[in-house]
Every structure is written in C-alpha cells, then in structure tokens.
Amino acid sequence: MKSKLKRPTLVMSIYNKTNVHPSTFVLIGIPGLEAAHIWISIPFCLVYLLALLGNSSLLFIIKTDPSLHEPMYLFLCMLAAADLVVCTTAVPKLLSLFWFHDGEIPFEACLTQVFLIHSCSTMESGFFLAMAFDRYVAICNPLRHSAILTHSVIGGIGLAIVLRGTTLLSPHPFLLRWLPYCRTNIISHTYCEFMALIKIACAETRIRRAYSLIVAFLTGGVDFILIICSYVLILHTVFRLPSKDARLKTLGTCVSHVCVILVSYTPAFFSFLTHRFGHQVAPHVHIFVANIYLLIPPMVNPIIYGVRTKRIRDRFLKLFSFRKQLN
C-alpha cells in the first residue's frame with residue numbers, strides 16, 4: 001500500500017520544475033480512493049466489455065439487416081461508433097492504471113486523448129439531436145418522412161456532425177500544448193481531460209476556459225435546447241391525436257430516445273458544471289461521475305434499443321443462437 005502512495009510523490013520529486021513542457025504526465029486515478037482502485041476496476045472492466053459487445057453487435061445487426069436501414073437506426077449506428085471511440089480511448093489506460101499502477105502517459109498521447117474524448121462526445125450530442133429530428137419528422141410530418149430523410153440527407157447530417165465536432169474541438173490540443181506546466185505533471189484524474197490539464201498549468205487560462213465554455217454551449221447546450229424544442233412540437237402533435245391508444249403508441253416510439261438522452265446528458269452536465277463551478281464538490285465524486293459518463297451510456301444505449309426495438313432484439317437473439325449452434 002505504501003509503495004502505491006509513494007509513486008506520485010517520487011515522480012513529483014524527480015520532476016524538473018524548469019521543464020514547462022513535460023514529455024509525460026502522470027495520472028493518479030481517483031484521489032482518495034487509491035486503495036479501492038482494484039475493486040473499482042472490476043465493474044469498470046465489465047461495463048467496458050458489455051459496451052464493446054453491445055455496440056459491436058448493434059453495428060453488425062443494423063449493417064446486415066436491410067429492413068433496419070431507416071433514419072433512426074442509421075443515426076443509432078453513428079452513435080454506437082462514437083460510443084466505441086470514446087470508451088476505448090479512455091478505458092484501456094484507466095484499467096492499466098488501476099491494475100498495474102501505470103499512470104504515465106506521453107504528452108502527445110494525452111493531448112490525443114483530450115481531442116478524441118471531447119470531439120466524439122460532441123458528436124454523440126449531435127447524433128442525439130439528429131435522432132430527435134427524425135422523431136419530429138416521423139410524428140409531425142409522417143407522409144414526407146422518407147422523402148425528407150433520404151440516405152443522402154442522413155449521410156450529410158452525419159458528416160456535418162462529425163465535421164462540427166472535429167472543427168470546434170481541434171483547437172483544444174493546441175491550446176493545451178502551448179501552456180507551460182511548471183508546477184507539476186501530475187493529473188488528478190483517470191484520463192486526460194481539458195479542464196484537468198488547465199488546472200495544472202502555470203499561466204493565465206481565462207481565454208482558453210472561455211473558448212471551452214463557448215464550444216460546450218454551441219454543441220451540447222444548443223443541441224439540448226433544440227432537442228427540447230423538438231419534443232415540445234412532438235407533444236403538441238401527439239395531444240391532438242383523437243384516441244388515447246394512438247397517443248400512447250406514438251409516444252412509445254420516443255421512449256428509447258428519451259432514455260438514452262437522460263442517461264447521457266445527466267452525468268455529462270454534472271461533470272461539466274462541477275469542473276467549472278462546483279468547487280465544493282469533492283474531487284473523487286467529480287472524477288467518479290466523469291468515468292460514469294464515459295462508461296455507462298455506451299453500455300446502456302444498445303441495451304435500451306435492444307429491449308425496446310423488437311426487430312433488433314429478434315436479430316440479436318438469432319445472432320447468438322446461431323453462434324451457439326455453430327459451437
């Protein structure tokens with residue numbers, strides 16, 4: 001136990017204070033819970049494996065079933081791909097830290113991790129908005145749904161979301177690269193995150209913080225507002241339907257989407273707000289929630305759509321029963 005706790009201190013003692021651009025950073029995990037890292041890693045690993053299995057199966061099922069090549073499921077494929085990138089960017093290094101106390105991460109790898117996690121998280125938000133738009137068109141203008149959301153339009157929307165995430169978040173690594181880190185190279189986190197690096201820089205960071213805040217609002221904030229607006233319009237249309245059964249059936253098509261939005265946005269907003277304004281929140285609480293945000297939505301999203309969508313559920317069961325017969 002003592003050797004585990006001495007590691008960051010040792011790194012700190014040999015860290016050259018004059019080296020403002022360190023070659024490596026040191027991740028220390030969840031502060032205050034170092035002794036429990038090995039136990040925390042077990043559910044984290046299981047959740048990660050379930051996320052890999054669920055999203056890979058979802059991509060395979062939708063790709064191989066032409067009847068699922070509809071706007072909602074194509075957007076779901078894009079979301080699954082972004083989920084896989086986000087959790088795979090962070091979790092293997094996190095498990096290496098928890099299992100082998102391997103907290104060192106090269107400077108360039110840390111900046112790459114920042115870019116991939118933040119840009120793909122932004123893309124996830126965009127895909128949620130695209131799925132909300134699909135539900136709006138399907139319910140408020142059903143006769144023109146297939147004419148409006150053609151495959152070329154869906155591809156264009158997906159490309160625009162990817163370009164938005166890449167363009168707005170690509171300055172982040174450069175903003176961090178140009179900062180001096182003369183105080184320490186120890187990051188109190190399980191992965192490299194923009195605000196975690198900002199906090200250990202020994203320079204004025206107000207402009208960088210402001211840019212990050214503006215980008216967060218223009219992506220996640222605006223997306224969330226537009227999603228709310230789309231559901232206000234959807235509810236307005238639904239409550240004008242003549243029968244209760246029709247209203248319930250129509251609302252039932254939105255349940256899966258609403259569930260994944262709640263699962264994803266709740267920890268995301270908590271993590272974002274506590275990093276910038278929640279100075280009274282204990283560090284281990286914030287970092288634990290930040291890890292929940294990376295792990296739980298990628299695991300839960302395929303489960304929600306698998307349970308709620310009969311066609312996906314049937315194909316999933318058929319896929320695994322076929323594999324059992326082969327074995």
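# Reading helices, a cavity and a pocket

Reader: Which residues does the UniProt annotation "transmembrane region" cover?

Author: The unreviewed UniProt entry places "transmembrane region" at residues 38–61, 73–95, 115–133, 145–163, 213–239, 251–273 and 285–307. UniProt positions follow the numbering used here, feature names are shortened, and annotations may be inferred rather than shown by experiment. This is a predicted model, in which local features need pLDDT of at least 70, side-chain atom pairs count only at pLDDT 80 or more, and totals for chains, interfaces and linings use all residues. Residues are numbered from 1 along each chain as its sequence is written, and side-chain values use heavy atoms, with hydrogens and water left out.

Reader: How much of residues 38–61 is helix, and how much is strand?

Author: Helices (H or I, at least four residues) and strands (E, at least two) are DSSP runs, numbered from the N terminus. Residues 38–61 are 100% helix and 0% strand, with end C-alpha atoms 35 Å apart. Residues 285–307 are also 100% helix and 0% strand. Their end C-alpha atoms lie 31 Å apart.

Reader: At what angle do α2 and α3 pack?

Author: Axes are lines fitted to C-alpha atoms, for helices over the stretch in contact, and angles run from 0 to 180 degrees between N-to-C directions. Helix α2 (residues 37–64) packs on α3 at about 155 degrees, with the axes 9 Å apart. That makes α2 roughly antiparallel to α3. Angles over 145 degrees count as roughly antiparallel, under 35 as roughly parallel, 65 to 115 as roughly perpendicular and the rest as oblique.

Reader: Which residue classes make up the contact of α2 with α3?

Author: Ala, Val, Leu, Ile, Met, Phe, Trp, Tyr, Cys and Pro count as nonpolar, Asp, Glu, Lys and Arg as charged, and the others, Gly among them, as polar. The contact of α2 with α3 has 23 nonpolar, five polar and one charged residues.

Reader: How do α4 and α9 cross?

Author: Their axes come within 9 Å and cross at roughly 15 degrees. α4 and α9 are therefore roughly parallel to each other.

Reader: What is a cavity, and what is a pocket?

Author: On a 1 Å grid over the protein atoms alone, a cavity is a set of points where a 1.4 Å probe fits but cannot get out. A pocket is an open set with protein on both sides within 12 Å along at least five of seven lines. Lining residues have an atom within 4 Å of a point. Grid points are joined across faces, edges and corners, and a volume is the space filled by probe spheres set on the points.

Reader: How many cavities of 30 Å³ or more are there?

Author: One. The largest cavity holds about 40 Å³. Its lining includes Asp83, Glu124 and Tyr293. α12 gives the most to that lining, with four residues.

Reader: What volume has the largest pocket?

Author: About 630 Å³. It is lined by 31 residues, of which Ser121, Ala216, Ala268, Phe272 and Tyr293 lie nearest its centre. By class, 15 are nonpolar, 13 polar and three charged.
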